[in-house]
Amino acid sequence: MEVLKEKVEEEEAAEREEAAERAERGEKMMRPLEVRKEETFMTQEMLGDLERKLSETEVSVPEKPSTLTKDTIDISKLPLSYKSNTPKEEHLLQVADNFSRQYSHLCPDRVPLFLHPLNECEVPKFVSTTIRPTLMPYPELCNWDTCAQFVSDFLSMVPLPDPLKPTVKEEEKAPPKKYTIRPPRDLTSRFEQEQEIKRQEAIKAEEVKRLKQEEARLLEEENAKTDPLHGLRVHSWVLVLSGKREVPESFFIDPFTARSYSTQDDHFLGIESLWNHKNYWVNMQDCWNCCKDLVFDLGDPVRWEYLLLGTNKPLLSLTEEEDDGMNGDDDVENLGKEDEDKSFDMPHSWVAQIEISPEAFETRCPNGKKVIQYKRAKLEKWAPYLNNNGLVCRLTTYEDLECTKTLEIKEWYQNREDMLELRHINKTTGLNTDYFKPGHPQALRVHSYMSMLPEMDRVMEFYETARVDGLIKREETPKTMTEYYQGRPDFLSYRHVNFGPRVKKLALNSAESNPRPMVKITERFFRNPVTPADEDVAERVFLILDERIQLRYHCREDHITASKREFLRRTEVDSKGNKIIMMPDMCMSFEVEPMEHTKKLLYQYEAMMKLKNEEKLSRHQAWESELEVLEILKLREEEEEAHALTISIYDTKRNEKSKEYREAMERVMYEEHLRQVEAQLDYLAPFLAQLPPGEKLTRWQAVRLKDECLSDFKQRLIDKANLIQARFEKETQELQKQQQWYQENQVTLTPEDEDLYLSYCSQAMFRIRILEQRLNRHKELAPLKYLALEEKLYKDPRLVELLKVFV
């Protein structure tokens, strides 16, 4: 009770303070009954003032929200065809209503036809008039697959409130009242609220437990669950008829997924009606076998009932008896009436001309982003160049129905300089797989890894045609490295290296500073058709610690066993410096068909010396492979940090170099135009206008004209130099201010601020350099221009005779 009493006192104090503030502002609000009883008696002046203020108060009634889209539509900017119907459209609506009544009477068991829904302005429009065929300037929209993908990106799937009806009327809401009564005070106890929160948390925990059990039960019954509305749901899609544009057979297109389906597909259970921009057809065929047995001959009035009888409707041929009967005398009078055109053509579309700007076409989705939620999956789409890393699509799959436990993520990229195209992230195993398009600096095609640290589990696949060594695949573990080759001149196909523990323990171990010791190298080779099988090595193993080399040769076609050799790779000199001679026990061999030259010690010695050199070469190549792995990992880290995007030279809006070049060319052309205009101007016209018209020039006037013209030109040259100098000084001062600001705030700046500062400095230095070049160029050309004008004045036909004496 004490807690409740304190709460009531606090609320009463707050209400008293609020009432005092309202009294100071002169505003009177309606309060509960118990508060009004305590108010003092109001005078006539106070009542008049209150009545005046209430009369001046404007109450805005909220407008009815649009039921078409979530975005606000400005109806005032729409054309007149959106807000009203023409007489021909009104006639069409009457024809459609008459057709609908007849259809309902003849087919009472079928659902009503979808004929004239309401548009954005709540005006009924016939469905055929909403279609306006338009030819777009984009080649991607000329093919059905890319066009369907473009449309699906702009559409958002919103389930119908009633899955059985395409349009549902919204219930009218009562307008809000102008004056409302203030709700009573909240007298609940804080202690009771806390207890209620604890109770709700316990209920929530029980609900979570129940939901998990329910989810487990749903997972078991998911395959056996039946849809109670199967075959009754409403959907719309596109039918492409065969015949035109080399379409061999008719097929369906789902506008929300851009996928094509055969007319025999089980997903489509039936068709109520079809329409295009010319006519409307009702399906009169039985759909007991879905759409598999439907005949899409729209000219057949038995299978497809049409709404309008247009001129493009094929006519049925008449028999000879009917043809003869039409030529009788009884039908002569009615012949003119029957020939009257009773057809009614479809009115023109009321929608505006479809215009897609290049920016909107590239944006694809509204605002450049679209999110589609599926069952245990989420699909996100972005427009190209919207994300700095080039991400255009991401598919996330989840384990549970609430989409809280992620299983895997697939990300698609475009326009990246590192040629990254797809990244697959498995959250369960922690395995990341990157896929690259051709053109990577290291010819990388696929990179699978658990961590970007070196000497960890990873798999790298390469484009072998772009590599000189023919490397296809490289697998690495902390202790091994396996490489696969193809197309090498030495026929090497496989190399497996086993590493031992490092001898020295350094803080930063790497293949370059502290390489891992190699214990064993195994190499395999393809068959060399030129070399005999007994001399063509199929596999060789370098046992480095044991100082042994094992060879296995290819097997002949008519044999089941292959020859083998093993060499003991001893040092060439002993501890005393004496040279060791090749001994028979240093080579053990098994030969299918022994040959004399293979038994000689000289042959064995030469073979062993060759193998020792090849062992050094193999160890060096394995060491280079380790360095290449480190180089690729370092390069990938730099690429991920920079994630630079490629921009086409034809993309003038994003390509800064192309933009600067274009602006420079436009500036040069403008300056050239100014020079041409200046050359065509009459430089004596302003000075000749000061003289009386028709008066002949004297020698003294000619000298004065020359001097004034030169003086004026000299002053203009000086003014131009001063203007360039002023702009140069202004840019320099602005740059110094920015540099001073950067020195003062360098510690607290964010990376974005530093990037903006560096960008400004680069642009400012560019402008300063241009102004400096212009000033120097002006100083160099000003005397030459002055002398050129002086020479022109002396050669001017109006002054040449009078200035000869001064030449």
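**Reading salt bridges**

Tutor: This is a predicted model, and the count of salt bridges in it comes to 48.

Student: What is the general idea behind such a pair?

Tutor: Side chains of opposite charge can pair when their charged atoms come close. In this structure, the side chains of glutamate 196 and arginine 199 meet in a salt bridge, at 2.5 Å from N to O.

Student: How many residues apart are glutamate 196 and arginine 199 in helix α7?

Tutor: They are three residues apart in helix α7 (residues 190-221), which means that about one helical turn separates them. Glutamate 196 is partly exposed, at 33% relative accessibility, and arginine 199 is also partly exposed, with a relative accessible area of 43%.

Student: Which salt bridge links distant parts of the chain?

Tutor: One of them joins glutamate 591 and arginine 565, whose closest N and O atoms are 2.8 Å apart. Glutamate 591 lies in the loop between β22 (587-590) and α11 (596-599), while arginine 565 belongs to strand β21 (residues 564-568), and the two are 26 residues apart.

Student: Is glutamate 591 buried or exposed?

Tutor: Buried means under 20% relative accessible area, so glutamate 591, with 15%, counts as buried. Arginine 565 is buried as well, at 7% relative accessibility.

Student: Which residues are linked in a network of salt bridges?

Tutor: Such a network links Arg467, Asp469, Arg474, Glu483, Arg495, Glu523, Arg540, Glu614 and Glu628.

How values were computed:
Residues are numbered from 1 along each chain as its sequence is written. This is a predicted model: local features need pLDDT of at least 70, side-chain atom pairs count only at pLDDT 80 or more; totals for chains, interfaces and linings use all residues. Side-chain values use heavy atoms; hydrogens and water are left out. A salt bridge is a side-chain nitrogen of Lys or Arg within 4 Å of a carboxyl oxygen of Asp or Glu. Helices (H or I, at least four residues) and strands (E, at least two) are DSSP runs, numbered from the N terminus. Buried means under 20% relative accessible area, exposed over 50%, partly exposed in between (1.4 Å probe, protein chains only).
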